[in-house]
Amino acid sequence: MKKNSYLFLFILLVSCTSNTIFEKPKDLIPKDTMSLLLQEMIISTSAKFIKNKNNQKNINYMPFVYERFKIDSTRFESSNYYYMSTIDLYQEILEKAKASINTQQDVLKKVKKELDSIKKDSLKLTRSKLKELDSLKVTKNFEKLELSKRTLEEMNVRQ
């Protein structure tokens, strides 16, 4: 009885091993292209709820991504299933996509910061020019007042 339970336990453990690695599809998307594709898919799904130039929301950008890479959804799904069954490859692909997105995000932050600083500098320049113009107006108005005051004084002296 004890031997039978050990044998049953051994068969159970051996049968629990996973054989979920699928066969390579004939039209497998290469790893580099898959990384770029996943990167674009992440960006397109995150842009779904942001207004575009025409102030439209809830637009599905996935067909544009498929069109850009000249693939269809079934090819992507078969390649995705294969890469998901080989976890090490899939993790490598995802890390590469994530690193690329982070790099793009850093570059965009730097560009935005530069544009903001340029905008601030131009605003400061414009404000300083306005102040200069205002001070010139005040000076001219003061000179006019001085002239009118002198003419009044001269008129008073004549009388």
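How many of the 159 residues in the chain are buried, as a percentage? Buried residues make up 16% of them, where buried means under 20% relative accessible area, exposed means over 50%, and partly exposed is in between (1.4 Å probe, protein chains only).

1. A word on the model. This is a predicted model, in which local features need pLDDT of at least 70, side-chain atom pairs count only at pLDDT 80 or more, and totals for chains, interfaces and linings use all residues. Residues are numbered from 1 along each chain as its sequence is written, and side-chain values use heavy atoms, with hydrogens and water left out.

2. The overall layout. You will find five helices and zero strands here, in the order α-α-α-α-α along the sequence. Helices (H or I, at least four residues) and strands (E, at least two) are DSSP runs, numbered from the N terminus. Of the contacts in the chain with a separation of 6 or more, 70% join residues 24 or more positions apart; a contact means heavy atoms within 4.5 Å.

3. The core. The largest nonpolar core has 16 residues, and M34, L37, L38, M41, I71, F76 and Y83 are those with the most contacts inside it. Such a core is a set of buried Ala, Val, Leu, Ile, Met, Phe, Trp, Tyr and Cys residues joined through side-chain atoms within 4.5 Å. The elements giving two or more residues to this core are α2, α3 (62-69), α4 (73-85) and α5 (87-158). Leaving aside residues up to four places away in sequence, I71 touches I29, L37, Y66 and F76.

4. A glutamine to look at. Q39 sits in helix α2 (residues 31-46). Why does Q39 count as buried? Because its relative accessibility is 3%. Beyond residues up to four places away in sequence, Q39 touches A97, S100, I101 and Q104.

5. A methionine in α4. M84 belongs to helix α4 and is partly exposed, with a relative accessible area of 42%.

6. The surface. The chain exposes about 13900 Å², with carbon and sulfur atoms supplying 60% of it; accessible areas come from the Shrake-Rupley method with a 1.4 Å probe, and for residues only the protein chains shown count as cover. V107, V111, L115 and I118 make a nonpolar surface patch of about 360 Å². Patches are made of residues with over 30% relative accessible area and no salt bridge, with like charges joined within 9 Å and nonpolar side chains (Val, Leu, Ile, Met, Phe, Trp, Tyr) within 5 Å. A salt bridge is a side-chain nitrogen of Lys or Arg within 4 Å of a carboxyl oxygen of Asp or Glu. I118 lies in helix α5 and, at 52% relative accessibility, counts as exposed.
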